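Thanks for coming. I will walk through one protein chain, beginning with the overall picture and then a few single residues. Please keep the model open while I talk.

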Amino acid sequence: MDNVSSKNNNFNPTAVKDELLKIYPVKVLRKRSKSIVINDNEATPEIQANVRTIPGIISQRGCSYAGCKGVVLGPTRDIVNLTHGPIGCGFYSWLTRRNQTRPPTDSSENYMPYCFSTDMQENEIVFGGEKKLRMAIQEAYDLFHPKAIGIFSTCPVGLIGDDVHAVAREMSATLGINIFGFSCEGYKGVSQSAGHHIANNQLFKHVIGKNDQKHEGKFKINLLGEYNIGGDAFVIEELLKRCGITLVTTFSGNSTYDQFANSHMADLNAVMCHRSINYVADMIEKKFGIPWIKVNFIGAAATAKALRKIAAYFGDAELINRVEHVIADELEAVRLAQEDVRTRCAGKRAMLFVGGSRAHHYQELFKEIGMEVVAAGYEFGHRDDYEGRAVLPTIKVDADSRNIEELDVEADPLRYEPRRTVEQIETLTNSGMEFKDYDGLMNDMAEGSLVIDDISHSEMEQLIDIYKPSVFCAGIKEKYAVQKMGVPCKQLHSYDYGGPYAGFEGAINYYREIDRIVNSRVWALIKAPWQKYPELQACYTTA
């Protein structure tokens, strides 16, 4: 390991990569080598992503069910999300991401505090669980009378062949409400990314477009890929309101069934987490004519850029002026917080290994306080999340991807209405507006930094040992292993007990929390006494 860094901490990324890989057998080394690349700002390297984790390697990834139920549908408050499977699957996907919601009144529907499950036992796994599923749907309906029920398949359901879609159709006809199923068995796909796709397909087929109510307001948008962890969506909602922008729905933070059903009435889709939901943006554009742009509300500069991008799309002078006033009102507090925190954080190192776009977006916040991100990667990213959407035509469709249904979407004969003409889109594009585009994580990372897809536990420990980062950002599975190494771990799936971190207000929260974390002296006390002060050892001599 001596050759990985010089005395002034200038790391040799090639040597670091070799160090991470040398523990593996030759066959595994060859495969993992393609998922660990050294960033090159001149020629973006190709990374291997969205492939199966090698058996025996401890992965950060979640399953398809987790992506479908836990990520996409979990933050919706008035759909009963019923897990068809063993109780453990329902329990461990129940509010563990700290999704928040604000019903308009105390008596409004809010099923998020409940955990609905058929609690399958050995008997159902042997003889089938459809009867028990019907009973569970009836019981949920009798208790709550919801507008909709979603049924989520777990691994045993796929193995025994329960037809959740047939049960959903039958019970929907009986009860007169919208009931739909998700074939999101945990083993489908290579990660939770497959579950996102399955969830979005079913929302598009069964919910979006069912409510044609028109909204007041000149500037109507949907926000996609924002899940209101720690209250992020509340901050963004308030910010948009101050700017005079009407938020029709968020997929799916602080959301409701009716908002989803009405989302086709917006005039623009703004996509936050590209990985989890670009499918919905594409399908809504094809069917209803609503363009989509990529935005990011994580980081003060990124938030200002996102607001300006939305305002530029509508091209209204009054809106553009109002957005600039809101940004100006917020930036002074941000600047003061940055100046203060930078004095203690600048130059420190961070690593981010979290899902979706978070390993990309949160680099904005670290840069704003002068910290260096030396390594990053996704749990369930695809090549375009790393290299940008320009590589989409070159990505091979493998058997795992073919396992996920692709919907054949066409323009709605009655409701397709292009929100912008071809000429308007061309004018906006020529002025710098990027539609349906995303640069990818590598574009914003420093030259020579390490980019690692589906990092293994072994690689994570070696990275920490070599770089000794001031903070490691990951999830609950990594948190305590990292902290036992004397390095603080900030969870970016659930935010631990912190947040919100979105918008200007959230950025200030994050600066201060990272300042507290990386400058706490407690991490220096993690070493056991015998590691810090080795005992004198002796042995018998035969002389």
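One definition before anything else: helices (H or I, at least four residues) and strands (E, at least two) are DSSP runs, numbered from the N terminus. This is a predicted model, in which local features need pLDDT of at least 70, side-chain atom pairs count only at pLDDT 80 or more, and totals for chains, interfaces and linings use all residues. Residues are numbered from 1 along each chain as its sequence is written, and side-chain values use heavy atoms, with hydrogens and water left out.

Now the whole chain. By that definition the protein chain has 22 helices and 14 strands. Its radius of gyration is 24 Å, close to the 24 Å that the globule rule gives for 543 residues, so the chain is as compact as a globular protein of that length. The radius is taken over C-alpha atoms, and the rule is 2.2 Å times the number of residues to the power 0.38. Along the principal axes, the C-alpha atoms fill a box of roughly 95 × 65 × 50 Å.

Next, burial. A residue is buried under 20% relative accessible area, exposed over 50%, and partly exposed in between (1.4 Å probe, protein chains only). Of the 543 residues, 57% count as buried. Contact means heavy atoms within 4.5 Å. Among contacts with a separation of 6 or more, 75% are between residues 24 or more positions apart.

What sits in the middle of the largest nonpolar core, in terms of touching the most other members? A nonpolar core is a set of buried Ala, Val, Leu, Ile, Met, Phe, Trp, Tyr and Cys residues joined through side-chain atoms within 4.5 Å. The largest one has 70 residues, and F297, I310 and F366 touch the most other members. Apart from that core lies another, of 38 residues, including A148, Y257, I277 and I290. As general background, nonpolar side chains in soluble globular proteins tend to be buried together.

Let us stay with F366. Leaving out residues up to four places away in sequence, F366 touches A350, L352, M371, V373, V471, C473, Y510 and I514. F366 is one of the buried residues of helix 15. That helix covers residues 358-368 and is mostly covered, with 9 of its 11 residues buried. After helix 15 comes G370, with a positive phi near 80 degrees.

Now helix 14, which runs over residues 317-345 and contains L319. Is L319 buried or exposed? L319 counts as buried because its relative accessibility is 2%. Not counting residues up to four places away in sequence, L319 touches F219, C243, I245, A311 and F314. L319 and G244 are 75 residues apart in sequence, yet their C-alpha atoms are 7.1 Å apart in space.

Strand 7 is the next stop. T250 lies there, in residues 246-252. T250 has a relative accessible area of 3%, so it is buried. With residues up to four places away in sequence left out, T250 touches L223, E226, S255 and F260.

Where is P500? P500 is in the loop between strand 14 (489-491) and helix 21 (503-518). A cis peptide bond joins G499 and P500, with omega of about -5 degrees. The loop between strand 14 and helix 21 is also the place of Y495. Y495 is not a glycine, but has a positive phi of about 65 degrees. Y495 is buried, at a relative accessible area of 0%.

N228 is a further non-glycine residue with a positive phi, of about 55 degrees. N228 is found in the loop between strand 6 (220-226) and helix 10 (232-243), and N228 is buried with a relative accessible area of 0%.

Last, helix 10 is the place of K241. Here the relative accessible area is 61%, so K241 is exposed. K241 and I125 are 116 residues apart along the chain, and their C-alpha atoms are separated by 50 Å.

That is the tour.
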